[in-house]
Amino acid sequence: MNHMILMEMINLIKEKSIINENVSKEEINLVKKINNTLTNQDKEYLGPRWFYDDSQYRNFHCINKEPVAYIESRIIGTKAYLEIVVHPKYRKKGIAKNLIAKAMEEIPSKFKDVERLYWVVKEDNIPSIHLANKLGFTKIAEKNKELRFILEIK
Ligand SMILES: CC(C)(COP(=O)(O)OP(=O)(O)OC[C@H]1O[C@@H](n2cnc3c(N)ncnc32)[C@H](O)[C@@H]1OP(=O)(O)O)[C@@H](O)C(=O)NCCC(=O)NCCS
């Protein structure tokens, strides 16, 4: 391969990785901005790690171009672990339901190995438990004050 073409390819790869890095940093900042609106109770529901900075899947819901909710997922083999947060002011409007419904379509099409969604919810997180039931998740375990829900998507 000629030297010029090789250098061009290296630059392209570099450029692409810089763009990806920026997009991901921008996304993390949006996630942090939404997390800043949460109550202490919400933070308790989410646990010590409020968001997955290493998520392979992330999506936002925007109102007037302002992100007010996010869903993200860490993919581990056949499992996709979900985390979802909606700004307190915009709850009970179906935003979480829509984000999860979209993730149910997009995750298996982007990550071919994924067979089921996992959602771990604190036992007193009533909104999440209702939502999981409403969307057809099945409770498979209950321990350490947490409920483990799964949804088969294949
Ligand atoms: C859980 C959470 C994401 C729900 O978001 P949301 O946008 O308000 O949910 P939706 O409007 O899509 O609700 C869908 C269903 O969830 C249930 N639900 C939502 N909020 C509820 C509440 N406060 N009480 C009871 N059920 C509730 C209802 O069954 C609702 O169905 P409906 O259309 O029949 O009313 C939101 O409350 C939140 O961000 N909580 C803090 C963070 C958190 O706990 N995240 C999940 C932990 S992993």
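This is a predicted model: local features need pLDDT of at least 70, side-chain atom pairs count only at pLDDT 80 or more; totals for chains, interfaces and linings use all residues.

Student: In which loop is the place of Lys65?
Tutor: Residues are numbered from 1 along each chain as its sequence is written. Helices (H or I, at least four residues) and strands (E, at least two) are DSSP runs, numbered from the N terminus. The place of Lys65 is in the loop between E1 and E2.

Student: Is Lys65 buried or exposed?
Tutor: A residue is buried if 20 or more other C-beta atoms, placed from the backbone, lie within 10 Å of its own, exposed if 12 or fewer, and partly exposed in between. Lys65 is not a glycine, yet its phi is positive, about 70°. Because it has 5 other C-beta atoms within 10 Å, Lys65 counts as exposed.

Student: What is the phi of Lys92?
Tutor: Lys92 is found in the loop between E3 and H3. With 8 other C-beta atoms within 10 Å, Lys92 is exposed. It is a residue other than glycine, and its phi is positive, near 60°.

Student: Why does Glu83 count as buried?
Tutor: Glu83 lies in strand E3. In space, Glu83 is 9.6 Å from Ser55, C-alpha to C-alpha, although the two are 28 residues apart in sequence. Glu83 counts as buried because its C-beta neighbours inside 10 Å number 20.

Student: At which residue does H3 bend?
Tutor: H3 has 16 residues and reaches 22 Å from its first C-alpha to its last, close to the 22 Å expected at 1.5 Å a residue; the expected span is 1.5 Å times one less than the number of residues. A bend is the angle between axes fitted to the seven residues ending at a residue and the seven starting there. In H3 the bend is about 25°, at Ala103.

Student: Which residues of H3 are buried?
Tutor: An α-helix has 3.6 residues a turn, so residues three or four places apart point the same way. What covers the buried residues of H3 includes strand E1 (57-63), strand E2 (66-76), E3 and H4. Those buried residues are Ala96, Leu99, Ile100, Ala103 and Ile107.

Student: Which element gives the largest share of the shell around the ligand?
Tutor: The ligand is surrounded by 22 residues (C-beta atom, placed from the backbone, within 6 Å of it), the closest being Arg91, Ala96, Lys97, Pro127 and His130. Two or more of the shell residues come from each of helix H2 (40-46), strand E3 (79-86), helix H3 (95-110) and helix H4 (126-134). The largest share, six residues, comes from H4.

Student: What pattern does the chain follow along the sequence?
Tutor: There are four helices and six strands in the chain. Read along the sequence, their pattern is α-α-β-β-β-α-β-α-β-β.

How values were computed
Two residues are in contact if their C-beta atoms, placed from the backbone, lie within 7 Å.
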